Every structure is written in C-alpha cells, then in structure tokens.
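The exercises below go through one protein chain step by step. Please look over the sequence and the structure before trying each task.

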Amino acid sequence: MARFYIHDNKNEIDFREDHDSGIKVTLPELTKLGVLYYCITEPEQVDQLAKERDYKNQDLVNISLDAFKGNNDAMLAKLKIFYEEHLHEDEEIRYIVDGDGFFDIRNANTNDWIRCYVNKGDLLIVPAGVYHRFTLTTKNFIIARRLFKDEPRWEAHNKSHKVDQYSVHKEYLSSIKI
C-alpha cells in the first residue's frame, strides 16, 4: 500500500532510503496537486482505467540490478538521471506490477518534496508540468507498467534547464490555482 509524506531533505543519505520526515500527506492533499492514486487489485482495472482516460499505448519496464546485468554503477547512473528534478509534457502513468520505488512530487505551494512510496498494485498518475523525480528503494527492484496517451515516449525536461517558463508548467500551476 502506498504511503505519502514529506521528504526529510537529508541529501547526504542515499536517495533510495525512506527519507520519512514523519509528516504525513493525505490523499486529498496529493489530489489537490493533481496527482492521482489508485490501489489496483486486478490487472483488468488498469485496462479499464486506460480506456476511460484514453491511454492508447503501454509497455513494461524492469529497473533492477538484474536488468543491468549486475552492474551496480550502471544502475545507479540511470537512477541519478531519474532522480534529477524534471517535468514532462505528458502525464506520467505508472502501475507497479512488482517491487517498489519512490516518486517525489514537488509541492508548488510549499516547495516541499512529497515522497510517494509505491509498491505492487499501486497506480500513480503524475500530471504534465509538475516537477518530480523517481528512484528505487534499497531493494533495487521494480517492474512497472507505463501507460501513454499516444506513442510511448519519455522525454524529461530537467529543472536545471530553466523550464519554469514552459507552457505545460504554467498550465499545471494554473490548474492548481497558483
């Protein structure tokens, strides 16, 4: 079952650790930021949600030490890319088939990171234009079903590249009344 809380910002600690500040975030608080969460018990529910939200394509991604042929340095290098604060021009939809990980969502109202711990059966929809990042837990294993509105694509726009002025980010801020 997913957990949502404020990230402790102790950046000297491995980013795959819990980083739980002890301050819980409720599902309604997360929803106000446009982030949607579903607990899915049957895979057919993912198909139904995909149909309702007009997701036309999907794939399966395995991020694990095995997927990197035991090369821990290569896996950590990829995780560092995922962990850099970024946004997408499309929604990011992930259904966790197995394993676990963390999505961190930047709260545009407070500038806090909200850490979303997800594991098997959790589905998270991160809206277009919101700053976020992702990492595995210290178990180093996740299999996720990724859903896409159109052709599968994953283009991250890193915050370090001054993307605050992107229309998708401005539209996101407008949608949450900032």
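**Exercise 1.** Are Phe103 and Phe134 buried or exposed?

*Solution.* This is a predicted model, in which local features need pLDDT of at least 70 and side-chain atom pairs count only at pLDDT 80 or more, while totals for chains, interfaces and linings use all residues. Residues are numbered from 1 along each chain as its sequence is written, and side-chain values use heavy atoms, with hydrogens and water left out. Both Phe103 and Phe134 are buried, where buried stands for under 20% relative accessible area, exposed for over 50% and partly exposed for what lies in between, with a 1.4 Å probe and protein chains only.

**Exercise 2.** Describe how the rings of Phe103 and Phe134 are arranged.

*Solution.* A pair of aromatic rings is described by the distance of the centres and the angle of the planes. Rings of Phe, Tyr and Trp (its six-membered ring) pair if their centres lie within 6.5 Å, and planes under 30 degrees apart count as stacked, over 60 as edge-to-face and the rest as tilted. A search of the whole structure gives five aromatic pairs. One of them, Phe103 with Phe134, is tilted, at 4.9 Å centre to centre and with 50° between the planes. This pair links distant parts of the chain, since Phe103 belongs to strand S6 and Phe134 to strand S9, 31 residues apart; such strands (E, at least two residues) and helices (H or I, at least four) are DSSP runs, numbered from the N terminus. Together with Phe82, the residues Phe103 and Phe134 form one aromatic cluster.

**Exercise 3.** Which residues of H3 are buried, and which exposed residues lie on the face turned away from them?

*Solution.* The buried residues of H3 are Met75, Leu79, Phe82 and Tyr83. They cover an arc of only 90° around the axis, taken from the directions from the helix axis to the C-beta atoms, and therefore lie on the same side of H3. The face turned away from this buried side carries the exposed residues Asp73 and Lys80.

**Exercise 4.** Which residues have the most contacts inside the largest nonpolar core?

*Solution.* A nonpolar core is a set of buried Ala, Val, Leu, Ile, Met, Phe, Trp, Tyr and Cys residues joined through side-chain atoms within 4.5 Å. The largest such core has 30 residues, and Cys116 and Leu124 are those with the most contacts inside it. Its largest share, four residues, comes from H3. Apart from this core lies another, of 10 residues, among them Val46, Leu49, Ile125 and Leu147.
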